[in-house]
Amino acid sequence: MTETTEATGAMDGERPPEEREFTVVERTQAQLVLRRFLRHRAAMISLVIFVLIVLWAFIGPHLWHYSYQKYTPDNSQPPSAKHPFGTNSAGYDSYAQVMRGTQTSLKVAILIALGSTFVGAVWGAVAGFYRGVVDAVMMRISDLVLTLPLLAIALVISSRTGGSWYWIALVIAGLTWAYVSRVVRSTVLSLREKEFVEAARALGASDARIIFRHLLPNSLGPIFVNATILVATGILTETALSFLGFGVQPPDTSLGLLVSQAQTAVDTRPWLFYIPGAFIIAIALTINFIGDGLRDAFDPRQQRVRQ
Amino acid sequence: MTVGDKGYAQRPEPATPTEDTVLEVDGLQVAFPSEDGLVRAVRGVSYRLERGAGLGIVGESGSGKSVTALAVMGLLPAAAKVTGSVRYRGSELLGLSDTRLSDIRGSGIAMIFQDPMTSLNPVHTVGAQIIEGLLRHNPDMSKRAARDRAVELLGTVGIPHPDRRADSYPHELSGGMRQRVVIAIAMANDPAVIIADEPTTALDVTVQAQVLEALETAREETGAALVLITHDLGVVAGHTDRVAVMYAGRVVESGTVEELFYEPRMPYTLGLLGSMPRMDRDDDRLTPIAGSPPSLLNLPPGCPFAPRCPMREDRCDRDEPSLHVVDAGGHRSACHFADRLVGMEAGAVFEATGADNESLARLARSDSEASSEASFEASSETAAEATAESESANDMNGSTDGTYGKGSR
Amino acid sequence: MSAPGEPVLRVRDLVKHFPVRSRGVVRRKIGDVHAVCGVSFDLHENETLGLVGESGSGKTTTARTLLNLERPTSGSVSYRDRELTGLSRRQMRPLREELQIVFQDPYASLDPRISVRDIIAEPLRIHGRYDEAGRAEVHDLLRLVGLNPEHGNRYAHEFSGGQRQRIGIARALALRPKVVVLDEPVSALDVSIQAGVLNLLMDLQAELGLSFLFVAHDLSVMRHVAHRVAVMYLGRIVELAPTRELFARPSHPYTQALISAIPLPDPRKERARRRIVVQGDVPSPISPPSGCRFRTRCPKFATQLTESERTACVEQTPELTDRGTGTPVACHYAQPLELL
């Protein structure tokens with residue numbers, strides 16, 4: 001046997017033997033996920049754009065010299081230095097209105113995402129953990145909620161609750177949590193067979209402890225991914241509701257309402273329609289890309305080469 | 001039944017390739033790109049296989065033993081960087097096109113994997129798969145003759161009722177049966193080399209014995225040379241003539257099985273033998289090797305075994321020892337101090353470490369103190385339960401700060 | 001190896017069947033997997049009892065049933081005269097401090113999202129014992145099993161397999177149990193690593209007076225750690241003997257086959273060995289053979305017994321009793337044999 005000795009890669013110099021004990025480069029799960037996410041170009045660009053939109057929508061109104069409720073003497077002006085997004089027929093500054101509308105739409109969307117994620121995650125985890133009859137009953141309820149036509153129900157309920165943004169959010173959340181519950185249930189179904197869950201049981205852990213300390217934290221990946229998708233769904237559903245006139249009511253405004261109000265003016269004053277429309281598309285798209293990035297980052301198949 | 005001397009030569013490996021050389025691996029290196037840099041899985045492996053010889057490649061997980069085999073067969077993913085040379089009957093295999101390679105895979109070199117389902121097609125009967133191999137090798141054979149031969153082969157590898165079993169699909173067979181079918185397919189091609197990568201790892205011991213026997217039969221009938229890759233030193237001891245021990249992507253010791261098992265000259269080999277619980281001896285205590293194998297990513301200079309080696313000296317951290325001849329018969333070792341190991345027992349080199357004595361003593365002490373309280377504790381069982389309950393209530397509120405321990409004692 | 005003391009765990013006629021259900025909506029029960037069928041043994045104080053068998057022998061199910069992780073179909077398990085079968089989870093909780101388990105897979109048995117210190121503190125928290133002393137104890141436990149306590153805030157995946165298994169052992173020891181079930185604790189580890197874990201376990205037993213039920217498929221590990229070994233086949237114990245005797249003079253044909261099938265890391269001995277090769281595979285536990293369950297693969301049944309002798313094997317289940325060999329064995333025609 002002839003041996004070709006090969007200069008070994010002496011990249012990181014002398015490491016004390018103690019440290020070599022760790023054969024895997026020290027890195028937590030969170031760090032791994034972050035690294036993969038940072039490398040996802042579309043997701044990173046989307047995240048930057050999304051953060052800018054959020055900052056603009058929430059801080060912008062304090063800096064801008066028109067309020068969304070303030071009439072100006074300029075009616076139906078096209079975009080100009082004074083009114084970057086123009087004005088509408090009543091003389092409202094469209095820039096201020098789009099800021100306010102984006103803010104409302106985002107608040108609605110985020111409340112939808114948080115509410116339905118929380119309810120759905122707990123619902124799904126409990127069903128998946130107990131299986132059997134509990135699972136069957138809970139999942140039939142989920143299925144029922146899923147079969148309800150989202151828009152129709154939302155229309156009926158929100159027409160009775162008035163146009164405040166949090167009611168709209170709660171109504172939509174009440175109809176979308178079932179998606180999350182299905183995803184979390186299937187994750188928990190496979191997790192509960194893992195030995196660490198059995199280990200917890202052998203230690204005498206209560207069911208609540210197993211669900212909240214072991215099962216849910218380990219389902220965070222799919223939960224995060226779904227939450228981002230729900231933000232996008234939330235934005236679009238709110239838009240649709242407001243467009244149909246059952247969402248946010250004037251004088252408050254939202255992106256959907258702005259588009260709806262401008263529908264008669266598409267030809268005459270196109271800026272009133274296309275600018276809020278562009279914001280709706282931008283927010284939904286960026287969030288979808290962020291969700292994609294998160295999904296890739298959490299995907300266990302994306303393991304590093306193991307040897 | 002006794003496993004007698006099989007008659008294949010216990011001769012040392014010749015220094016230069018001869019007519020009998022069927023497979024020659026020279027300076028084989030494999031690296032995989034990963035997120036953190038290049039993982040150098042194989043760092044220069046060389047061996048030569050004579051006709052009918054049996055070579056065992058032993059190593060723990062991550063030693064590069066399977067990657068070596070896959071590289072020889074050209075079965076690595078395209079991202080892998082393979083350099084060096086692999087010659088089958090004198091002709092180079094590295095860099096050959098896939099079609100040419102699969103020709104050789106079909107007839108010259110057969111491979112047996114740990115999971116037989118990787119080589120069996122689930123939608124064809126096992127008989128059809130053997131027949132396919134036969135017809136590929138002898139295009140003139142009649143269908144009928146091929147079928148008869150397939151049944152015969154199944155019988156040879158020890159499958160009961162081979163005529164009926166030939167019509168079974170792989171999923172209808174047990175793991176041991178499937179592995180035997182894979183061996184039968186390998187035999188059908190009448191290969192010059194059989195590479196078996198952990199062929200029995202997934203099987204129970206009694207089935208492992210059956211499969212190893214089938215492998216021996218296959219070798220005797222075809223006269224093929226065998227490369228047996230395994231983590232089990234016991235399997236190698238009985239089924240090959242020569243052994244190469246791999247560690248961190250290199251061969252660190254090689255020689256005949258006798259040389260290696262009775263006079264190891266590399267501390268790692270000695271350590272492996274000393275850490276094996278043995279059925280034929282009453283050892284009081286095993287001698288583990290401290291630590292774990294190094295990462296093959298950015299491997300530091302020096303001997304890769306040095307951090308775990310009780311004989312380590314400064315030199316070991318600087319120079320990686322080459323695999324050099326340590327005594328007459330072609331016994332090679334990659335240790336600077338191979339000579340010092342003459343006549344050494346594992347117990348004299350490695351420490352029989354177990355639990356940390358100091359904390360063990362402390363725990364044992366506090367245990368005997370606690371036992372005097374035990375009777376009291378048993379009566380306050382309900383109290384303990386109450387604490388546990390209130391604690392899980394804390395959990396429900398999402399409290400994770402870990403400071404809510406109620407000192408019940 | 002010290003002499004074993006009083007029985008702490010008593011298992012009598014333990015049976016565990018798992019229902020097999022048809023596919024589809026109704027999911028009728030169409031049969032039973034006979035995982036454990038009438039297993040009885042005592043585990044003594046300060047003793048290691050090995051439970052050895054191949055896949056499908058029911059050894060792991062037995063282990064889990066003992067800890068009430070599975071409900072037994074019938075039979076009794078008692079810990080120091082306290083019946084465990086039928087206890088509710090709440091009633092079982094205080095007993096969890098006495099009976100613990102170490103799992104086979106060091107990768108799946110540790111929660112990946114919790115730091116190692118929290119993994120070991122988990123049992124103390126559950127039982128309301130995580131105070132100042134508890135924190136120091138976690139530190140001590142890490143050191144005890146050979147890990148650097150400063151690495152306590154790392155996560156399980158940063159450790160190697162052997163280190164993870166040590167973490168699993170530390171977690172099981174945190175409550176100071178008296179009985180620890182070790183479910184294949186070293187079979188996922190490389191040889192050089194497994195020796196260290198075995199030494200650790202033996203030290204712990206010697207100093208802390210633990211009783212181990214050691215489940216494994218590897219007889220050579222048994223020879224090293226166990227005081228007595230019970231060999232299981234298809235849900236039944238076929239032979240139970242002190243380790244030394246079991247290896248010196250195995251009496252059941254299955255034990256003999258098992259011992260002769262394990263390769264020795266010694267080329268000369270290995271070549272000169274006498275082999276008993278059994279035929280075929282383990283039958284399905286859904287419909288195990290009548291009478292002696294090993295008869296379908298038994299070399300003695302196949303080659304040595306007369307037609308009339310075989311009738312007993314087919315018709316009568318051999319009980320696990322002493323048949324003149326000094327130790328209980330479940331074979332009508334048990335005969336000691338020297339193999340090593």
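Student: How far apart do the end C-alpha atoms of residues 108-129 of chain A lie, and how much of the span is helix?
Tutor: They lie 31 Å apart, and the span is 100% helix and 0% strand. Helices (H or I, at least four residues) and strands (E, at least two) are DSSP runs, numbered from the N terminus. This is a predicted model: local features need pLDDT of at least 70, side-chain atom pairs count only at pLDDT 80 or more, and totals for chains, interfaces and linings use all residues. Residues are numbered from 1 along each chain as its sequence is written, with chains lettered from A and ligands numbered from 1 in the order written.

Student: And what about residues 223-248 of chain A?
Tutor: That span is 81% helix and 0% strand, with its end C-alpha atoms 28 Å apart.

Student: Switching to chain B. In what order do the strands of the open sheet run?
Tutor: E2-E1-E4-E5, four strands with antiparallel pairing. Strands pair if DSSP finds at least two bridges between them.

Student: Which strands stand at the edges?
Tutor: E2 (37-50) and E5 (91-92) of chain B. Each has a single partner strand, so one side of each lacks a neighbour in the sheet.

Student: How many bridges join E1 and E4 of chain B?
Tutor: Seven, between residues 21-34 and residues 81-88. In E4(B), Lys81(B) is the bridge partner of Ala31(B).

Student: Next, how many residues of chain A are in contact with chain C?
Tutor: 20, against 22 residues of chain C. Contact means C-beta atoms, placed from the backbone, within 7 Å.

Student: Which helix gives the most to that side of chain A?
Tutor: H8(A), with six residues.

Conventions
Two residues are in contact if their C-beta atoms, placed from the backbone, lie within 7 Å.
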